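Let's take a walk through a protein together. Have the sequence and the 3D view open, and find each residue as we get to it.

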Amino acid sequence: METKKTIFSGMQPTGAITLGNYLGALKNWTSLQDEYNCLYCIVDMHAITVRQNPAELRKNARNLLIQYIAAGLDPAQNIIYYQSHVSGHAELAWILNCFTYMGELNRMTQFKDKSSKHSENINAGLYTYPALMAADILLYNTDLVPIGNDQKQHLELTRDIAERFNTIYGETFTIPEGYIGKVGARIMDLQEPTKKMSKSSEDKNATILLTDKPEEILKKFKRAVTDNVATIKYDPENQPGISNLISIYSAITGKSYVEIENEFSGSGYGNFKIKVAESVIEILRPIQQKYDELQKDKSYIDHIIKDNAQKANYQSQKILRKVQKKIGFPSIIR
Ligand code: AQP
């Protein structure tokens, strides 16, 4: 019998998730669940590398878990869980920290970016974030990791750490690969279309949230920054705003950029913005309905949280024990 490959991915509960998180990641995850064993984590331990309000963090984490399910991830088929409920992540991260060089961490562009954004709080967790990410992935013998471009460097480091460990102690970790499937769209900020749409953005008009009401979505698209060229053409360098709207419309409708350019040739920006907004409203409508229903079913969600954490704990213990034995930690006497 051919065993299914394992996929691991996660999102940080650093805010309400955006259309960028959905089109770039979550939407694609839902198409993987039949073919792979998937673990989708809510990486709350990563989130605290930036200062969080505790009540907000707890709320965002629960909402994110509900959004995973509302967007189509089946909790009976995928393991959907909070990182902080599986202590193996922290335990393996410590071990991997001892196999990660400072020179490697110094090269990570995300650390440079985040430390310049949060210059008042450049903590050690932000610096060693890639070792925790390596632990997330290696803890489950993950084969494939669907990641955006911004995480490629971290995956490379994960592979290096795993290979280093395997060379010293013998075959232990599966060496993970990036998942090259349908490439998720990179969605840009509606107000500053040269930077990516981010859930932690301060400008409410810059992001579309998965929970935004239809009228809010329409309003935000109408206010989206465009240009004076007056042609609907995919040209991110010269027309970043319009190109972003094209890529959103393409990710939703499955139409190519050229098809979209032809469909809207001669059309004004105002009309195009409305069409894009309507497509977003329609794709989010069933997700929002399901999200509202799930929010009311506290006991069902609590059951999923408990049940999936148990499954993840069970799987993680196997590899963690193996690693602990290989490095020479004494066995626990039961
Ligand atoms: N704008 C985007 N377009 C496409 N994909 C995106 N992702 C994030 N933003 C976009 C993808 O969403 C997943 C979750 O990422 P994360 O929660 O680990 O954090 P992030 O990448 O840092 O996302 P944000 O929204 O920008 O969060 P903050 O504001 O907290 O930094 C990843 O697969 C990512 O590629």
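Start at E192, which has 43% relative accessibility and so counts as partly exposed, since that label covers values between 20% and 50%. Keep in mind as you look around that this is a predicted model. E192 has a partner: K195 forms a salt bridge with it, and the closest N and O atoms are 3.4 Å apart. K195 is partly exposed too, with a relative accessible area of 39%. Elsewhere, salt bridges that share partners tie R62, K298 and D302 into one network.

By the rule used here, the count comes to 10 salt bridges, so let's visit a couple more of them.

Take K59 and E56, whose side chains meet in a salt bridge at 3.5 Å, N to O. Both residues sit in helix 3 (residues 54-70), and because they are 3 residues apart there, about one helical turn separates them. How covered are they? K59 is partly exposed, with a relative accessible area of 44%, and E56, at 37%, is partly exposed as well.

Now look at E104 and R164, where the side chains meet in a salt bridge of 2.6 Å, N to O. Is E104 buried or exposed? With a relative accessible area of 9%, E104 is buried, because that value is under the 20% cut-off.

Next, turn to the ligand. Which residues come nearest to it? There are 17 residues around the ligand, and T14, I187, S198, K199 and S200 are the nearest. Zoom in on some of these. A backbone N or O atom of I187 lies 2.7 Å from a nitrogen atom of the ligand. In the side chain of K199, an N or O atom is 2.6 Å from a ligand oxygen, and for the side chain of S200 the distance to an oxygen atom of the ligand is 2.4 Å. Taken alone, the ligand would expose 640 Å², but the protein buries 91% of that.

Who makes up this shell? Helix 1 (residues 19-29) gives the most, with 4 residues.

Our last stop is a pair of residues in strands. T6 lies in strand 1 (residues 6-11), and L144 is found in strand 4 (residues 144-145). T6 is buried, with a relative accessible area of 11%, and L144 is buried at 12%. Leaving aside neighbours within four places in sequence, T6 is in contact with several residues, including N37, L39, Y140 and L144. Counted in the same way, L144 touches T6, and also K5, I7, F8, Y36, E177, G178 and Y179.

L144 and E171 are 27 residues apart in sequence, and their C-alpha atoms are 18 Å apart. For T6 and P54, 48 residues apart along the chain, the C-alpha atoms are separated by 32 Å.

Definitions and conventions. Residues are numbered from 1 along each chain as its sequence is written. This is a predicted model: local features need pLDDT of at least 70, side-chain atom pairs count only at pLDDT 80 or more; totals for chains, interfaces and linings use all residues. Side-chain values use heavy atoms; hydrogens and water are left out. A residue is near a molecule or strand if one of its heavy atoms lies within 4 Å of it. A polar contact is a pair of N or O atoms within 3.5 Å; within protein, one must be able to donate a hydrogen and the other to accept it, and residues adjacent in sequence count only if both atoms are side-chain atoms. Accessible areas come from the Shrake-Rupley method with a 1.4 Å probe; for residues, only the protein chains shown count as cover. Helices (H or I, at least four residues) and strands (E, at least two) are DSSP runs, numbered from the N terminus. A salt bridge is a side-chain nitrogen of Lys or Arg within 4 Å of a carboxyl oxygen of Asp or Glu. Buried means under 20% relative accessible area, exposed over 50%, partly exposed in between (1.4 Å probe, protein chains only). Contact means heavy atoms within 4.5 Å.
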